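Please look over the model below alongside these notes.

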Amino acid sequence: MAIESLPEPSIAIAAPPRPRFGFLTATPIIATATFCLVAIALLSILAPWIAPHDPLQLLPAQRLKPASEQFLLGTDAYGRDVLSRIIYGGRISLLIGFGATLVSISIGLLIGLFSGFFRLLDAVLMRIMDGIMAIPAILLAIAVVSLSGASVMTVLIAITIPEIPRVARLVRSVVLSAREEPYVEAAISVGSALPKIMWRHLLPNTIAPLIVQGTNFCASAILTEAILSFLGAGISPETPTWGNIMAEGRAYFLIKPSLIFWPGLLLSIAILSVNLIGDAARDALDPRMKQREAGK
Amino acid sequence: MLGYLLRRVLAAIPVMGVVALFVFLLLRLTPGDPAAVIAGDNATPAQLERIRTSLGLNEPLYVQFVTWINKLLHGDLGVSLISNVPVLNMIGQRIEPTISIALATIIVAVVVAVPLGVVAAWKQGTWIDRFVMGLSVLGFSVPVFVIGYILIQIFAIDLRWLPVQGFKSLSSGFGPFVERLVLPTLALSFIYVALIARMTRASMLDVLGEDYVRTARAKGIGEVAVLFRHALRNAAVPVITVIGTGFALLISGVVVTESVFNIPGIGRLTVDAVLARDYPVIQAMILLTSLLYVTINLLIDVAYTLLDPRIRY
């Protein structure tokens, strides 16, 4: 006899919390942050159509010109249009920000899942992670870039490496507590294959904390890229990035401070938006926060 | 307690071992000839050979590692490839500005941020709370070099109150020393204030609902004493922790701040070494800062027992 309808279970079976993205417009401030980030993303993607000039075009006759109708934010020391360079500059920042986040989360997730599941592997992996975490991220990043040459790829790798242990530790802690749950023990005892246990039972638990950690890291990755460029240890100087524009502006700060302030403003807005979204994500997704609110 | 301390120090050894291995492999695993990477594109064969001998690159890998570690343990951090000065001497010459800024920053940050966090928690949900939290998000988001240049523009260029850049040693007088320390310290404290204020607020919110706080209020103790003597003391552990973990922020901040304000400190030394590919200096800086980071966090763990008698190891 085929079972058409199962009886209702006497105990409610709670599915792991699924993240919802309604928080992106939860309050006017968060909505503004989301809007700013989308606007910057659109500017960067559509840069070739929006930018009034070629960001690489040198016009030696037009060096350090003030803002005018032709050059809305003036020109830099090589006669390049600052506005166009700033619009293009967002591309690298966002690419590195989101790229580094995705890569570090993917690798950290794998390490964390295995580390949380295999005790022996855990001891070795976590010592390595502790070691990497002890190295200040910025020093590690500039050392990696300086030794392997400055390209978008190396900068991305350099920013990603220091974050991997933090993701791995987070995932590991989630896995360690989740594997004590009855549904995971049940899955193990009925002989479910390991990949299936990881995919079906452990992975969903990590999604909410990873979104929170990911947004926070995305902001700091954008910042680190700008710092690397600013210090001259990032992507090659002719490439327009916000950090590069500011690095070049350092020498002319007394004559033309706007070379530092405009890219600095956009950089700050981008990081601020991502940070605000990260805070909203934590408030919306972190169950401990909800308990704290409820307990008040 | 002594046993715990010993265990913690022993646990730090493998961590530092991984750091050393990582730093060692960083150069060796880079694609291509490490000597060529260091020397740059225009190096002559003689220069390449000199770098190879000076770093021992002609030996097998494990011999290189053992020799290097052995030297490290004897306090020999190597010699700069550019200036031929021992790295330790270079650090010694440039440590004063860095320590001055770092200490001033931590002091300013704690003095400003802790009361901010306490008040924000006390007035939770009011405009004061929102203002402090807003300031804190801003502090995380505006990069230290942007803040640095804004401060220079306002206080050094427009108002002419302070010098634009540079550093004067304490030995050349207290006035000039402090004058040049104010702006870098302010710039660097911003993010630290954000971090500590936020942690203080969160941690105060946790304890303000406790019974002993209610009891203290019921006894008629003044609100200031309740907040700072009864609540803050119990909320201090996470705040101290965040000062320790924020040390990494301080390092990256120092590197950038010294570049903005043209200060000849350790951060500038590191950046110059990186740009010139002065590998022994880079290696030494990464090792030393990691060691400092591990030590500081160890000391903080020990400090818990002093701050909170309930924590026993």
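1. α5(B) passes α13(B) in a right-handed crossing. A crossing is right-handed if the near helix is turned clockwise from the far one by less than a right angle, and left-handed if anticlockwise. Helix α13 of chain B spans residues 279-307. The two axes come within 10 Å and cross at roughly 65°. Axes are lines fitted to C-alpha atoms, for helices over the stretch in contact, and angles run from 0 to 180 degrees between N-to-C directions. Helices (H or I, at least four residues) and strands (E, at least two) are DSSP runs, numbered from the N terminus.

2. Which residues meet here? On α5(B) they are B:Val87, B:Met90 and B:Ile91. On α13(B) they are B:Pro280, B:Val281, B:Ala284, B:Met285 and B:Leu288. Contact means heavy atoms within 4.5 Å. The contact of α5(B) with α13(B) has eight nonpolar residues, no polar and no charged. Ala, Val, Leu, Ile, Met, Phe, Trp, Tyr, Cys and Pro count as nonpolar; Asp, Glu, Lys and Arg count as charged; the others, Gly among them, count as polar.

3. A note on the source: this is a predicted model, in which local features need pLDDT of at least 70 and side-chain atom pairs count only at pLDDT 80 or more, while totals for chains, interfaces and linings use all residues. Residues are numbered from 1 along each chain as its sequence is written, chains are lettered from A and ligands numbered from 1 in the order in which they are written, and side-chain values use heavy atoms, with hydrogens and water left out.

4. Helix α5 (residues 87-122) of chain B also packs with helix α6 (residues 127-141) of chain B. The angle is about 140°, and the axes are 8 Å apart. α5(B) is therefore oblique to α6(B). Angles under 35 degrees count as roughly parallel, over 145 as roughly antiparallel, 65 to 115 as roughly perpendicular and the rest as oblique. This crossing of α5(B) and α6(B) is left-handed. B:Leu116, B:Val119 and B:Ala120 in α5(B) meet B:Ile128, B:Asp129, B:Val132 and B:Leu135 in α6(B). By class, that contact has six nonpolar, no polar and one charged residues.

5. Chain B as a whole has 13 helices and zero strands. Its C-alpha atoms fill a box of roughly 80 × 55 × 35 Å, taken along the principal axes.

6. Turn to chain A. The axes of helix α1 (residues 28-45) and helix α3 (residues 82-117) of chain A come within 8 Å and cross at roughly 115°. α1(A) is therefore roughly perpendicular to α3(A). The crossing of α1(A) and α3(A) is left-handed. Among the residues in contact are A:Leu37 and A:Ile40 of α1(A), and A:Leu94 and A:Phe98 of α3(A). The contact of α1(A) with α3(A) divides into eight nonpolar, two polar and one charged residues.

7. How many residues of each chain are in contact with the other? The counts are 44 residues of chain A and 45 residues of chain B. The two chains bury about 3,700 Å² between them, 77% of it on carbon and sulfur atoms. Buried area is the accessible area (1.4 Å probe) that two parts lose on being put together, summed over both. A:Leu139, A:Leu147 and A:Leu231 supply 17% of the area that chain A buries against chain B, more than any other three residues.

8. Eight salt bridges are found over all chains. A salt bridge is a side-chain nitrogen of Lys or Arg within 4 Å of a carboxyl oxygen of Asp or Glu. One salt bridge is found across the interface of chain A and chain B. A:Asp279 forms a salt bridge with B:Arg198, the closest N and O atoms being 2.6 Å apart. Within chain A, A:Asp130 pairs with A:Arg127 in a salt bridge at 3.2 Å between the closest N and O atoms.
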